[in-house]
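Dear colleague,

Please find below the sequence and structure that I am handing over to you. My notes on what was found follow directly after them.

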Amino acid sequence: MNLWTVDGEINKAPQYSKSAKGVSVVKLTIKHQKAYYQFVAFKDVADNINKLNLNNGDVVSIEANIQPNNYEKNGQKVYGYSFIIENLTLEEKASGGITDDDLPFASGSGTYPTLD
């Protein structure tokens with residue numbers, strides 16, 4: 001498993017939803033230095049991130065698994081990747097400057113659900 005750890009500021013409010021199969025999903029974007037990265041979390045990790053009520057400007061530390069996201073479109077191969085959140089720690093709340101390093105959330109499963 002290839003894990004990547006990054007600290008950054010939430011740039012776009014997380015979007016929480018449920019898949020057709022009832023799997024919890026959270027998508028969020030953070031800014032790290034001058035780059036923007038999109039992440040996704042599933043199941044318990046997504047539910048716990050949703051409970052944090054994260055907003056633009058909140059600072060988080062994310063440990064993510066990098067997975068290939070290759071597919072075929074109109075007969076052509078498209079290559080990409082996804083950052084799947086394994087752990088998320090809230091470093092600083094933008095609204096009140098509250099810090100709390102004791103909020104790690106982990107999936108622990110190592111496998112990811114199919115969303116179709």
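**Overall make-up**

Of the 116 residues in the protein chain, 33% are buried. Please bear in mind that this is a predicted model. The protein chain contains 1 helix and 8 strands, and along the sequence these follow the pattern β-β-β-α-β-β-β-β-β. Among contacts between residues at least 6 apart in sequence, 52% join residues at least 24 apart.

**The nonpolar cores**

The largest nonpolar core consists of 19 residues. Those with the most contacts inside this core are Leu28, Phe39, Ile49, Ile62, Ile85 and Leu88. Two or more residues each come from strand 1 (3-18), strand 2 (24-32), strand 3 (35-42), helix 1 (43-51), strand 4 (59-68) and strand 7 (81-92). Strand 7 gives the most, with 4 residues. Another core, of 5 residues, lies apart from the largest one, and its members include Val25, Val40, Phe42 and Ile84.

Which residues of helix 1 are buried? They are Val45, Ala46 and Ile49. These residues lie on the same side of helix 1, because they cover an arc of only 100 degrees around the axis. On the face turned away from this buried side, helix 1 carries the exposed residues Asp44 and Lys51.

Helix 1 is followed by Asn53, which has a positive phi, near 50 degrees. Asp58 is found in the loop between helix 1 and strand 4. With a relative accessibility of 1%, Asp58 counts as buried, since the cut-off for that class is under 20%. A polar atom of the Asp58 side chain lies 2.8 Å from the backbone nitrogen of Asn55.

**The aromatic residues**

A search of the whole structure gives 6 aromatic pairs. One of them joins Trp4 and Tyr37 edge-to-face, with 4.9 Å from centre to centre and 65 degrees between the planes. As Trp4 lies in strand 1 and Tyr37 in strand 3, this pair ties together parts that are 33 residues apart in sequence. Trp4 is partly exposed at 23% relative accessibility, and Tyr37 is partly exposed with a relative accessible area of 22%.

Trp4 also pairs with Phe39: the ring centres are 6.1 Å apart and the planes stand at 10 degrees, so this pair is stacked. Here too strand 1 and strand 3 are involved, with Trp4 in the former and Phe39 in the latter, so the pair ties together parts 35 residues apart in sequence. Phe39 is buried, with a relative accessible area of 3%, and is also one of the residues with the most contacts inside the largest nonpolar core. Trp4, Tyr37 and Phe39 belong to one aromatic cluster together with Tyr81 and Phe83.

**Asp7 in strand 1**

Finally, I draw your attention to Asp7, which is found in strand 1. Is Asp7 buried or partly exposed? With a relative accessible area of 44%, Asp7 is partly exposed. Beyond its neighbours within four places in sequence, Asp7 is in contact with Ile30, His32, Val60 and Ser61. With Ser61, the contact includes a polar one between the two side chains, at 2.8 Å. Ile30 is 23 residues away from Asp7 along the chain, and the C-alpha atoms of the two are separated by 8.4 Å.

With kind regards

Conventions. Residues numbered from 1 in each chain as written. Predicted model: local features only at pLDDT ≥ 70, side-chain atom pairs only at ≥ 80, totals over all residues. Heavy atoms only, no water. Core = buried A, V, L, I, M, F, W, Y, C linked by side-chain atoms within 4.5 Å. Buried < 20%, exposed > 50% of the residue type's maximum accessible area, 1.4 Å probe, protein only. Polar contact = N/O pair within 3.5 Å; in protein donor to acceptor, adjacent residues only side chain to side chain. Contact = heavy atoms within 4.5 Å. Arc of directions from axis to C-beta. Phe/Tyr/Trp six-rings, centres within 6.5 Å; stacked < 30°, edge-to-face > 60°.
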